[in-house]
Every structure is written in structure tokens, then in C-alpha cells.
Amino acid sequence: MESLLSDGIRETPPSFVRGILKAASEPDIISFAGGLPNPVSFPQEEMLVSMERIVRTYGSSVFQYSVTAGLPQLREAIARRYCEKYGLQIGADNVLITTGSQQALDLIGKVFLNKKDGIVVEKPTYLAAIQAFAMSQPKFHAVELTEEGLDLEQLAEALQRKVKFIYLIPNFQNPTGLTYSAQSRMQIYEMLRGRDVVLIEDDPYGELRFDGENLPYIGAGRLENSILLGTFSKTVTPGMRVGFLISQNKELLKYLSIAKEAGDLHTNIFAQYLIWDYLQNNDYEMHIAKIKDLYRKQAAAMIDAMKHYFPDGVQYTRPNGGMFLWVTLPEGMRAMSLFPRALEKKVAFVPGDPFYTDRKDTNTMRLNYTNADCGTIREGIRRLGECICAVNG
Ligand SMILES: Cc1ncc(COP(=O)(O)O)c(C=O)c1O
């Protein structure tokens with residue numbers, strides 16, 4: 001059978017996290033490995049009401065085939081929100097509903113990439129984006145991510161080669177939790193302005209800012225060839241698989257829509273009605289505020305525990321939103337070797353390796369703080385601290 005497989009699937013790494021999640025799913029394991037929203041944040045009762053209402057109000061439409069671009073009312077609601085909240089000047093026509101942001105990544109790969117085409121990604125970056133793009137066998141140019149944003153010298157160097165698109169996660173990045181500064185955003189915008197390259201801003205976590213003001217997008221609303229990705233996965237429910245992409249460029253949207261039609265005809269229409277009805281009939285802002293409150297406390301609990309239990313020489317990011325933080329172990333220590341030791345102590349995390357396109361045996365790891373209460377987080381970090389100290393000697 002091996003000989004029958006496509007080159008694309010052969011070159012696509014299996015999801016390392018799925019393997020880890022399996023190991024981490026034993027009931028007595030404290031898992032910082034997944035990227036799961038806290039289930040207490042799901043508006044279950046409100047969804048139950050919406051479910052009944054959409055079936056009674058819209059009847060067979062919620063069960064019928066529908067249009068590829070997505071439910072017009074939902075596209076309209078998304079466009080309005082991005083105009084009001086982020087100052088974009090867009091309408092429903094600029095929005096394409098996708099089956100989670102993950103589908104948007106797949107469509108982008110299909111629309112733009114031929115084998116060996118260059119693309120720029122952050123170093124490290126979201127591992128399932130690596131996976132989605134790898135199907136098209138591109139050449140990855142990884143540009144170092146710093147506390148401020150991208151390393152601009154490396155970006156300039158990468159842009160000297162032919163690259164089709166640049167994939168960035170500017171807010172509370174997965175995996176690092178880092179956010180690009182306003183200055184870095186402006187500099188990247190200046191570098192990309194007038195260039196024949198597409199900018200993809202993937203923003204599943206921007207709504208989950210703990211403190212302070214939102215920063216402007218780099219390209220959304222300003223660069224003709226830019227695509228902004230959003231999702232309801234982190235603010236309402238990931239299981240419904242409703243995400244969206246926004247672009248000013250209608251030509252680009254047309255191609256993405258053709259690719260989507262070929263892929264799944266349209267996103268689950270029941271789920272789209274459900275999300276739309278939920279948004280219409282509930283205080284979404286208040287709901288998001290509750291999630292932020294919860295995650296702010298959980299992030300603080302993790303950082304506090306790390307200060308207490310991690311030995312000197314271990315560094316970590318201090319995210320101001322989102323779901324993850326990024327730990328750098330002392331030089332020479334491999335996070336991969338720490339993983340089985342941690343599992344023995346019933347605690348799990350994701351070693352940094354799968355977030356890189358060009359590095360192995362790294363001393364970095366991703367920790368998720370959203371899916372455990374503060375007491376459990378403290379205990380998990382205590383155990384992890386013990387493992388690090390044991391390996392560190
Ligand atoms: C950066 C990033 N992009 C996309 C996704 C996929 O999200 P969705 O559930 O909308 O497919 C995730 C999920 O964790 C993510 O972290």
C-alpha cells in the first residue's frame with residue numbers, strides 16, 4: 001500500500017499532539033498538553049435554548065444543503081463585529097465561513113502552493129499549520145519569533161527569496177503566548193506593503209486579551225493581499241467547528257471559496273445557525289469577559305507556581321491572553337527526554353520539537369493553562385519542577 005500514497009501525505013508529519021493527548025488522557029494525569037478550552041466556558045444552557053429555537057423557527061433550512069460562503073446572517077454579524085471592534089471596513093461579502101480556522105489553513109495551502117514554493121512561518125509556529133501546509137510540500141522559511149514580534153532581519157532575508165505567503169499569529173501566539181508589539185506590526189506592514197506576497201494573520205486568541213487595549217492588525221483592512229482568520233472555537237465552542245476568514249480581496253475569496261466547495265460544499269449549517277442564534281440572543285461580550293477572567297487567574301496560578309517550583313535557569317513567557325505559555329529549559333536539556341519522566345509523575349506537556357520546521361531536540365516546551373483549575377495547575381507544576389530538577393542534577 002505504501003507505494004500508493006501521495007508525496008504530500010508521506011511528507012506530512014503525523015500530529016504529535018494527538019499521540020501525546022492519548023497518553024495524557026488517562027484520568028489521573030494532569031495535562032498541560034492539549035489546547036482545550038475549559039469546558040466550564042461552554043454556554044451549554046444557552047445553546048440548548050438556541051437549538052430548539054432554530055429548529056422551530058427555520059425548520060428544514062437548518063437540515064438542508066446550503067451555500068458555500070456560509071449563512072448570510074452569520075457573515076453579516078461577523079463583518080459588523082470586526083468593523084465595530086477593529087475598525088475594518090468590510091461587509092458580509094468579505095467573510096467566508098470555514099469549518100474551523102483549521103480548514104482555512106488547508107484551503108490556503110491548496111489555493112497557493114505548488115511543490116517547493118517558499119512560505120514564511122514563525123519559529124516556532126502552530127504545529128497543525130505546519131501539518132496543513134506540509135501536504136503541499138512547500139519550502140518553509142522559519143523566522144525567529146522574539147518578545148516583540150518577528151526578527152526583522154531574518155524576515156528581510158526570507159523575503160529576498162520568492163515566497164508565496166507569510167503565516168503569522170500576532171496575538172497570544174500558539175505555542176509561545178507572545179504578542180507582537182505595535183511597532184513590530186507597523187514595521188512588518190511597511191516591509192510587506194507593495195510586495196507580491198499574501199499575509200495570513202491567524203487570530204484565534206485575540207478576543208482573549210487579559211488586560212489593555214487591542215493592537216491593530218498588521219495587514220487586515222490595510223494590505224490588499226491579506227487574509228485574517230478567526231474562529232468561535234475559543235470563545236463559544238470548538239466542537240461546532242465554525243470559523244471564518246476575512247479578506248478585502250474578492251478575487252482571493254473567490255479562489256478560496258472554490259477550494260472550499262471542492263472540499264466540503266459548506267460548513268455544517270446547523271452549527272452556523274446555532275452560533276448565529278447564540279450571538280443574537282446572548283451577551284457575547286459578557287461571556288468572553290468571564291472566559292478571560294477564568295484564564296487570567298489560571299495563567300497567573302501557573303506563573304506563580306513556576307516561580308516557586310522551577311529551578312533557576314528555566315525561562316518562560318508571561319502571556320497577556322490566550323491559552324499557552326512557552327518554557328525554555330536550561331541549555332542542553334531536551335524536552336523530549338523530560339516527557340516520559342513527567343508522564344511517570346502523571347503530568348504531561350508538549351515538547352517544543354513539533355512546533356519547528358527546522359529544529360529537533362529542543363530545550364523548549366508548551367504548557368496549556370486553560371483546562372485545569374488553579375490547584376491542579378500548582379500541583380502539576382510542582383511535579384514538573386521536580387522532574388526538571390532531577391534531570392538538571
Ligand atoms: C493558531 C491556531 N490556528 C488555528 C487553530 C484551529 O482552530 P479551529 O478550532 O478554529 O479550527 C488553532 C487551534 O488551536 C490555533 O491555535
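## The ligand shell

Let's start with the classes used here: Ala, Val, Leu, Ile, Met, Phe, Trp, Tyr, Cys and Pro count as nonpolar, Asp, Glu, Lys and Arg as charged, and the others, Gly among them, as polar. Sorted this way, the shell around the ligand holds eight polar residues, four nonpolar and one charged. Please keep in mind that this is a predicted model.

The ligand has 13 residues around it, and those that come nearest are Gly100, Ser101, Gln102, Thr231 and Ser233. Which helix gives the most to this shell? That is helix H5, spanning residues 100-112, with three residues.

## A largely enclosed helix

Helix H6 covers residues 127-134, and six of its eight residues are buried, so the rest of the structure largely encloses this helix. Which residues of H6 are buried? They are Leu127, Ala129, Ile130, Gln131, Ala132 and Phe133.

## The chain as a whole

Now to the overall picture. The protein chain has 13 helices and 13 strands. Its radius of gyration is 21 Å, close to the 21 Å that the globule rule gives for 393 residues, so the chain is as compact as a globular protein of that length. Along the principal axes, the C-alpha atoms fill a box of roughly 60 × 50 × 50 Å.

Of the 393 residues in the protein chain, 46% are buried. As for contacts with a separation of 6 or more, 75% of them join residues 24 or more positions apart.

Key. Residues are numbered from 1 along each chain as its sequence is written. This is a predicted model: local features need pLDDT of at least 70, side-chain atom pairs count only at pLDDT 80 or more; totals for chains, interfaces and linings use all residues. A residue is near a molecule or strand if its C-beta atom, placed from the backbone, lies within 6 Å of it. Helices (H or I, at least four residues) and strands (E, at least two) are DSSP runs, numbered from the N terminus. A residue is buried if 20 or more other C-beta atoms lie within 10 Å of its own, exposed if 12 or fewer, and partly exposed in between; C-beta atoms are placed from the backbone. The radius of gyration is taken over C-alpha atoms; the globule rule is 2.2 Å times the number of residues to the power 0.38. Two residues are in contact if their C-beta atoms, placed from the backbone, lie within 7 Å.
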